[in-house]
Amino acid sequence: MSIEVKDLSYTYSVGSPFQKEALNGVSFSISEGETVGIIGSTGSGKSTLVQHLNGLIKLTSGSVKVYDIDLSIKKPDFKQLRATVGMLFQYPEYQLFEETVLKDVAFGPLNFGATKEEADAAAEEAIRLVGLDFEEIKDKSPFELSGGQKRRAAIAGILASKPKILVLDEPTAGLDPVGKREILRLITSLKKSYVKTVLMISHNMDEIGEYCDRVLVMSEGKLISDNSPQNIFADESILSGTGLSLPHTARIRRMLETQGVFLQGNPLSAEALAYAIADALGGRS
Amino acid sequence: MNRDITFGQYYPADSFVHKMDPRVKLILVVAFIVAVFLVKSLFSYIAITIFVIVGILGSHVPIKSILKSVRGIIFVVLLTAILNVFFYSGGERVLVHWWKITITVESLLFALRMALRLIFLVLGTTLLTLTTTPMNLTDGMESLMAPLKLIRFPIHDVAIIMSIALRFIPILMEEVNKIMLAQKARGADFESGGLMKRARALLPVLIPLFVSAFRRADELALALDARCYNATPHRTKYKVLKLGWRDAAGAFYSALLIFAVVAINASFWGLFGFSLSV
């Protein structure tokens, strides 16, 4: 089991007028190899939840275990934890700071105790992995890069520490459709070759439906559903009251049903939907 | 978490003091400061204490939040008190005499007075910032600075600069918090090591912070331009400040305090035949 969360609760600013309950009795476990999506409206506790996985928020109630690092003990090994769980924040390009891209990407491994040579080697590997031209880019200032390149460089900065688990907080926010697709394709390819487990927060139901094999639905600090995207997006019942909507593919399937066209299963990618429609209309040609 | 830090430490509540006009509150705080400096006799300190306690009760701010501000200056208060005890010259009732140091009853009293004065100053101003939003404060200041228009002082520009600066403090705080989390996730360590190491550890936070501050300033300038900001010489306000009965009551109450302090200083001009100079 790579992640085990039990009865996790968290309240911000206890005792002040700004007190806010962010998490309430959340329990789930994730095994190695899964791609898990976390959805929920703004303020539902998604970010607070994933920040716990990296020890960025002090555990106050419940327990969190990542591999054999138990966060409920007095002094957990945060370095080890953060090297295991790579965390990509929203708009990660805003964390770039070094003079050169190479130095910036090597920042993580250096912090986790690698030598300069090891860190540079890891950085080179990571920069190539995210599809940037290493020779061209390594000595550039990160601030000279384009928006999409910056995001890739920031992702490389996380990957350079060779995490086993990758946590992504809205990895495609603020990118154009092409950029979005490229980042998602990158995550899929990383998942096959490099990181074992991926957790992804997203507001884009299409992405969640297409790329995740399990979805956690958060609402007002509670985990209200933990199921496959096919089941969660089967109809509106689970998502009602959360402010979330179905992916476009599921909505098209529902619309077809009202017209008397019933598809096999619940196709969530555009491609699968097209095939299902073709099948329902009397076979592919 | 920096979430607890709200600049200007505004404490949201629905109270008498909260509802007062910010202009009146500003003037009253100045009057209060004057009163604190007018104080001579220990009896007037009692008057001021009563005044402050009533003010706090009228603000519905828990005493804990108010004392927090005093805790911040306790070191300064103690230091000045100790220095005052040692360096106060004069006084006849000697308590301790050792080498060049003389401690007299008068020096102790003087130190106590100065310490109380500092504490009251902080309490008064804290009460203002706790009960007034930064936006209201700048509105109030802008309105009070109106006479400066006569000498062509750009009060409106100063006011907008002030309110933008105040508005951006919590945003930048949040930004610092986010960047720190992101760098911590990459293994940055802000808590251990010596002073130099810690200062250097802040670079990965400061650089992105500056970059984002400039980006935000740029975007804000564009947005102001796009809305033709400053194209009209006479801007109207969405929230017009209005004086109410609460402001009259507050002003009367503060006038009472100043009168009490002056009267006690003068032992009520001998009307009652006793002296209050302690």
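Predicted model: local features only at pLDDT ≥ 70, side-chain atom pairs only at ≥ 80, totals over all residues.
**Figure 1. Strand β1(A) and its two antiparallel neighbours in chain A.** Strand β1 of chain A covers residues 3-12. β1(A) is joined to β2(A), residues 20-30, by 7 bridges, and the two run antiparallel. Within that pairing, I3(A) has I30(A) of β2(A) as its bridge partner. β1(A) also runs antiparallel to β4(A), residues 61-66, with 5 bridges between them.

**Figure 2. The interface of chain A and chain B.** The contact involves 24 residues of chain A and 22 residues of chain B. About 2100 Å² is buried between the two chains, and carbon and sulfur atoms account for 65% of that area. On the chain A side, the residues that lose the most area to chain B are Y94(A), Q95(A) and F97(A), which together make up 25% of what that side buries. Between the chains there are 4 residue pairs in polar contact, with both residues of each pair at pLDDT 80 or more. Elements giving two or more residues to the chain A side are β1 (3-12), α2 (78-84), α3 (101-111) and α6 (147-159). The largest share, 4 residues, is that of α3(A). Sorted by class, this side of chain A has 14 nonpolar, 7 polar and 3 charged residues.

**Figure 3. The salt bridge between chain A and chain B.** The count between these chains is 1 salt bridge. D104(A) and R186(B) form it through their side chains, with an N to O distance of 3.1 Å.

**Figure 4. Surroundings of Q183(B).** Q183(B) belongs to helix α7 of chain B, residues 155-185. Its relative accessibility is 0%, so Q183(B) counts as buried, the cut-off being under 20%. Apart from neighbours within four places in sequence, the contacts of Q183(B) include Q95(A), F97(A) and F107(A) from chain A. From chain B, Q183(B) is in contact with A188(B), F190(B), P204(B) and P208(B).

**Figure 5. Two salt bridges within chain A.** Over all chains the count comes to 19 salt bridges. In one of them, E99(A) pairs with K103(A), and the closest N and O atoms are 3.4 Å apart. E99(A) has a relative accessible area of 56% and is therefore exposed, whereas K103(A), at 41%, is partly exposed. In another, the side chains of R128(A) and E135(A) meet at 3.8 Å, N to O. R128(A) is partly exposed at 43%, and E135(A) is exposed at 53%.

**Figure 6. The salt bridge between E175(B) and R216(B).** The side chains of E175(B) and R216(B) meet at 2.6 Å, N to O. This pair links distant parts of the chain, with E175(B) in helix α7 and R216(B) in helix α9 (residues 203-226), 41 residues apart. E175(B) is buried, with 6% relative accessibility. R216(B), at 24%, counts as partly exposed. In chain A, salt bridges that share partners join E236(A), R253(A), R254(A) and E257(A) into one network.

**Figure 7. Two loop residues of chain B, K149(B) and V240(B).** K149(B) lies in the loop between α6 (134-144) and α7. With a relative accessible area of 56%, K149(B) is exposed. The C-alpha atom of K149(B) is separated by 19 Å from that of L241(B), and the two residues are 92 residues apart along the chain. V240(B) is placed in the loop between α9 and α10 (245-265). V240(B) is exposed as well, at 60% relative accessible area. Between the C-alpha atoms of V240(B) and D139(B), 101 residues apart along the chain, the separation is 9.3 Å.

Key: Residues numbered from 1 in each chain as written. Chains lettered and ligands numbered in written order. Heavy atoms only, no water. Contact = heavy atoms within 4.5 Å. Buried area = accessible area lost by both parts, 1.4 Å probe. Salt bridge = Lys/Arg side-chain N within 4 Å of Asp/Glu carboxyl O. Polar contact = N/O pair within 3.5 Å; in protein donor to acceptor, adjacent residues only side chain to side chain. Nonpolar A, V, L, I, M, F, W, Y, C, P; charged D, E, K, R; others polar. Buried < 20%, exposed > 50% of the residue type's maximum accessible area, 1.4 Å probe, protein only. Pairing = 2+ DSSP bridges.
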